[in-house]
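Work through the exercises below with the sequence and the 3D structure at hand. Each task is followed by a worked solution.

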Amino acid sequence: MANKTYNDLICETSELIGEATQADEAVFEAGSAERSTFQPLLSELRVRYTVLLARLDTVYDQMLQPQKRLIVKRLLEACLGRLVEIKHELVELHLSDYTYDDDEALQKLEVTPDEAEPCVPQFFVREREEEVQKRRDFIMDILRKLGHEVPKPKPLVLTEQQAVIIIQSHERARQGRLRGQFMKEIRLLKEKGRDQKGEMSASAATAIQRVWRGFIARRATRRRKKEEQLLIGMELAPYTESREIQRSEEVKESRRNLQKERQQEYEQALVNIEEQLRIQHGAKINERISDELRRWISEYYERTNRLPEFPSEEGGGSRTMFSRQGTGADSDLSKSSPVSSKESKRSKESKDKKNNKTEENKNKEETEDLQVYKCTTSAFLQEIINANEEYEDIWKFKDDIDNPHERYYKDMIEREKMVKIEQEIRNVVDEMMRTELELLQAAFDRDRAHKGKKAKKPQKKVRRGGKKSKKRKEKDLTPDRSTESLFEELVTNGIIRPYPTVKIDDFVGEKSFVAHEWRNQGREPSPCLGDVRQLIKEYCILPLGSEHVRTNAPLVRSVLIAGPSGSGKKMLVHAICSETGATLFDLTPANIVGKYPGKSGLIMLIHLVMKVSRLLQPSVIWMDDAEKPFVKKIPKTDKTDPKRLKKDLVKIIKGICPEDRVLFVGTSRTPWDAEQKLLFQCYAKVIQVPRPDYGSISLMWRTNLHKAGALSPRLELSCLSRVSDSYTIGTLLSALDAVLTTKRRLQLRVRALTAQEVAVQLSSREPVYAEHDSAAESWWTKNPMERRRQRVLQRLQELQLENEERVAAMK
């Protein structure tokens, strides 16, 4: 695509941003209102920002102009942060982590459910490709030194009888081919020796013509039928990338390479232009600022007969002096001055009145809290508005005819650098002026015989009570060691582990399409695998991938992913790491057995994990079998000492700050075995991977069979999906791998795959039993969010009954 394509796309996106921010501001202007009024507004906003995120990600990935890309990234991160905020608003509104698509919002904005799912921005990993690759290579080098080779495919081991059979079959085939060739030559020789005087009869020619025309007609009919089925979507095209797709990917990659060149030119120009401006204008700016300050000080002295107080650098320096009049004598009361006794008495009286009122209006406020909702202040909305206005003022109507190759604009760099240079020079001149004023004040005091009286220094701000909010710094147990040595130690001990590159979209599953209708009817819908995938994006990937979003968005420190074996929990952990380029720390009880023994060793392990995870952020700290540290009774056969980290897990998770791009992820097959109170103290969010529904299983079979080239009209896909109902996706994939051997793949053109072959393989595998489903369902009702929702629903029902009784009594 051309540069004009992406410039037009960002112009259209800017208009959509204006519409979204207007709708967003209307939500805040509404203030407190009933929960039912906010639900459609927030659902529509979520879809709007999802569409904006996809558009801005496309533009930022392909745009070449480096200065324009800076503002596009600001818009991208701000929209991403606002999307995460709206997600948390919807969670509080519905009291459920699953926020399903609003059908009316999708229809209004003309968006499909797939487009309403947030995409993962490409810059999460693309801007850190070299760093991520270096870490991966470093881990693999250490593992090779330790003797852990990359797993290679196992060689085929045959018995003597099997080898003899293979040799015999190949030898018979060779002899058969030779005999066939020999008989063909004999037949040709006989035909040459025949008398060629006779001519072909008309009936023979007609028969040959009839067979040939029939063959051509049937082939054309099959071709037309296949094209028609491809057109209406009844059949999938062969799983091969077309030349157009390959061409578009090549163009995108070439634009990314050009993008790197433009960025390097821009960064070099920043340095060169700043040096040139310093040489040309540095001395003049210094002289001008010095003259202005000396003139102002002399005028101030003539007007007030005293020297001014020079503001500190934190207070704005000399820039604030020109806006202040009568500095010194006409100063206001200090913020640290004590409150008068009358004011304190009034405050005490008001507090007493408030305490009395709270008891009286407790029930009233409770009902209002249940029925009325108010959105929290956004940390990103104003940033979106400001960045969009800046884009419209500078870039929207800027003529790029003079810059067809999308290079940097020199005049914009010069303006920015002049402001920076002037501020730096002003700071230097201010420091010099402070010294001169101190000397002048000392001389002034000597002339007036004020011995020992020095110029007043700016007072430090005094806190008006309350404890300091500064976080207590942890003692560094490894102050003399480098990051590389700590990294190497954790890799050597198997705490930092390599992981396969997995995309979150590879977690195949349909979303729930009836959820919105069910919620309108007052029923709580069951989530599908597509809803779980979207939840992982919103809670784990999107906040962790951006430092700006992580710092300002609502904080999620820990997530528990629960589900049966083979449901894809480990794949989701690998997808989180892959999509964000994170470092994976494995604190599974079975993995830390015998490592860092004793109490001091445990302290060192926790310190190393927390320190290195902050140094190599983004980081994911993973614990498999997350229920084991909180199990009431450990089996005697378990030698992993799972309760070793029980007391420190809460400390580790609470030590994660908003500035730390660190996420603690636990995975569990049987979370109901743990003490629920301790488990939910550790994990702020709980995501349960459900048993796959019919839609997700059908989509999985269609996708994987299509990739393998085994999808054919003869395959009863609906029947196969019904048979696979009680199995997890991992079990189904392993059964498919067992069926589609190399030999069977070669036979697909001759003998199509049938559902019976897969069903035979599934019959020997363990399904998800009803007992496991019932245990998972009863455990899910005990998680904090679900219990809170049930309490609210129960209280609303009680209030409704009270109102009905009151109305009946009045009648």
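**Exercise 1.** How many bridges join β4 to β5, and do the strands run parallel or antiparallel?

Solution. The model is predicted: local features need pLDDT of at least 70 and side-chain atom pairs count only at pLDDT 80 or more, while totals for chains, interfaces and linings use all residues. Residues are numbered from 1 along each chain as its sequence is written, and side-chain values use heavy atoms, with hydrogens and water left out.
- Strands are DSSP runs (E, at least two residues) and helices are runs of H or I (at least four), numbered from the N terminus.
- Two strands pair if DSSP finds at least two bridges between them.
- β4 and β5 run parallel and are joined by four bridges.
- One partner pair is D586 with W622 of β5.
- From β4 the chain passes through α20 to β5 in a right-handed β-α-β crossover (clockwise from the first strand over the helix to the second, with the strands pointing away from the viewer).

**Exercise 2.** Which way do the residues of β4 point, and are they buried or exposed?

Solution. 
- T583 and F585 point one way, L584 and D586 the other.
- All are buried (under 20% relative accessible area, with exposed over 50% and partly exposed in between; 1.4 Å probe, protein chains only).
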